[in-house]
Amino acid sequence: MLASSVVLLAGCTTTTSGGSAAPAGATANATTASAATGCGTRVETGSLPDWADAGFSGDARAPHVFGAKGDIVAVLFAHPLRLHRKDGSNNKILWVARAATTSPDPTSPATLVITATLDGTDTRVTREVAGGPGPSIIDMPQDGCWHLDLRWSGHTDTMDLVYAP
């Protein structure tokens, strides 16, 4: 059996080496976000982890991004994500949480709340996915590297997503 490792870089800074190990289930077949954006999150292109492949058949392969803690994955049905999609498609993202989507705290909302900040600016937007992690269309007002703070059912994680022009 061939062992391999992948480095998952967190944050919106350009890194030439180092970083932290990818969450369990990450694959060795990854592409790095555009160096021009300075965005450090990797888009994985290999198989989805077992905990995130429900509803897919066979060897579920789709571009995806892990949260920094490994508690959530964004499956990108439109890759790259774009500010303007000329082909009529949309920025569909399936959010899959590793942890149970129900909180031990019944007062904690199930809605996935995404607070996104454009790298290097004070530009901040909030997006919500009703019902918690699941299918969504997530658009941003500008292209670039967006740092996402994710909150759902008492859980939190972060990731970066790049939106191309």
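This report covers the sheet, the nonpolar cores and some local features of a predicted model.

**Confidence**

The protein chain has a mean pLDDT of 77. Of its residues, 72% reach 70 or more. Confidence is highest in strand β10, at a mean of 98. Confidence is lowest in strand β1 (residues 7–8), at a mean of 31. Over residues 1–37, pLDDT stays under 50. For this stretch the model has 75 contacts beyond four places in sequence. Where pLDDT is low, the predicted coordinates should not be read in detail.

**The sheet**

Five strands form an open sheet with mixed pairing. Their order is β7-β13-β12-β9-β10. The edges are β7 (81–82) and β10 (124–129), each of which pairs on one side only.

Strand β12 (residues 144–152) pairs with strand β9 (residues 112–118) in the antiparallel sense, over six bridges. Within this pairing, I114 has L150 of β12 as its bridge partner. A116 stands opposite L148 in β12.

β12 also pairs with β13, again in the antiparallel sense. Nine bridges join β12 and β13. One of the residues involved is R151, whose bridge partner in β13 is T156. β12 and β13 form a hairpin with two residues between them. S153 lies in that loop between β12 and β13. S153 has a positive phi of about 45°, although S153 is not a glycine. With a relative accessible area of 2%, S153 is buried.

**Cores**

The largest nonpolar core has 24 residues. Within it, I93, W95, L148, L150, M159 and L161 touch the most other members. At least two core residues come from each of β6 (72–76), β8 (92–97), β9, β10, β12 and β13 (155–164). A second, separate core has nine residues, including L48, A52, A62 and V96.

L148 makes contacts beyond its neighbours within four places in sequence. Its partners are W95, I114, T115, A116, D157, T158, M159 and L161. W95, M159 and L161 are also listed with L148 among the core members that touch the most others.

T115 is found in strand β9. A97 has its place in strand β8. T115 is buried, because its relative accessible area of 13% is under 20%. A97 is buried too, with a relative accessible area of 13%.

Leaving aside neighbours within four places in sequence, T115 is in contact with R124, V125, T126, H147, L148, D149 and R151. G70 is 27 residues from A97 along the chain, and the C-alpha atoms of the two are separated by 8.8 Å.

The count of aromatic pairs comes to one. The pair is F56 and F77, with ring centres 6.3 Å apart. The planes lie at 10°, so the pair is stacked. F56 lies in the loop between β4 (42–44) and β5 (64–66). F77 lies in the loop between β6 and β7. The pair therefore ties together parts that are 21 residues apart in sequence. K92 lies over the face of F77, at 4.9 Å from the ring centre.

Relative accessible areas for the residues discussed here are as follows.

| Residue | Relative accessible area | Class |
|---|---|---|
| S153 | 2% | buried |
| T115 | 13% | buried |
| A97 | 13% | buried |
| F56 | 28% | partly exposed |
| F77 | 44% | partly exposed |

**A cis peptide bond**

The peptide bond from H79 to P80 is cis, with omega near 5°. P80 has its place in the loop between β6 and β7. F77 of the aromatic pair lies in the loop between β6 and β7 as well.

Methods. Residues are numbered from 1 along each chain as its sequence is written. This is a predicted model: local features need pLDDT of at least 70, side-chain atom pairs count only at pLDDT 80 or more; totals for chains, interfaces and linings use all residues. Side-chain values use heavy atoms; hydrogens and water are left out. Two strands pair if DSSP finds at least two bridges between them. Helices (H or I, at least four residues) and strands (E, at least two) are DSSP runs, numbered from the N terminus. pLDDT is the predictor's confidence in each residue, from 0 to 100. Contact means heavy atoms within 4.5 Å. A nonpolar core is a set of buried Ala, Val, Leu, Ile, Met, Phe, Trp, Tyr and Cys residues joined through side-chain atoms within 4.5 Å. Buried means under 20% relative accessible area, exposed over 50%, partly exposed in between (1.4 Å probe, protein chains only). Rings of Phe, Tyr and Trp (its six-membered ring) pair if their centres lie within 6.5 Å; planes under 30 degrees apart count as stacked, over 60 as edge-to-face and the rest as tilted. A charge sits over a ring if NZ of Lys or CZ of Arg is within 6 Å of the ring centre and within 35 degrees of the ring normal.
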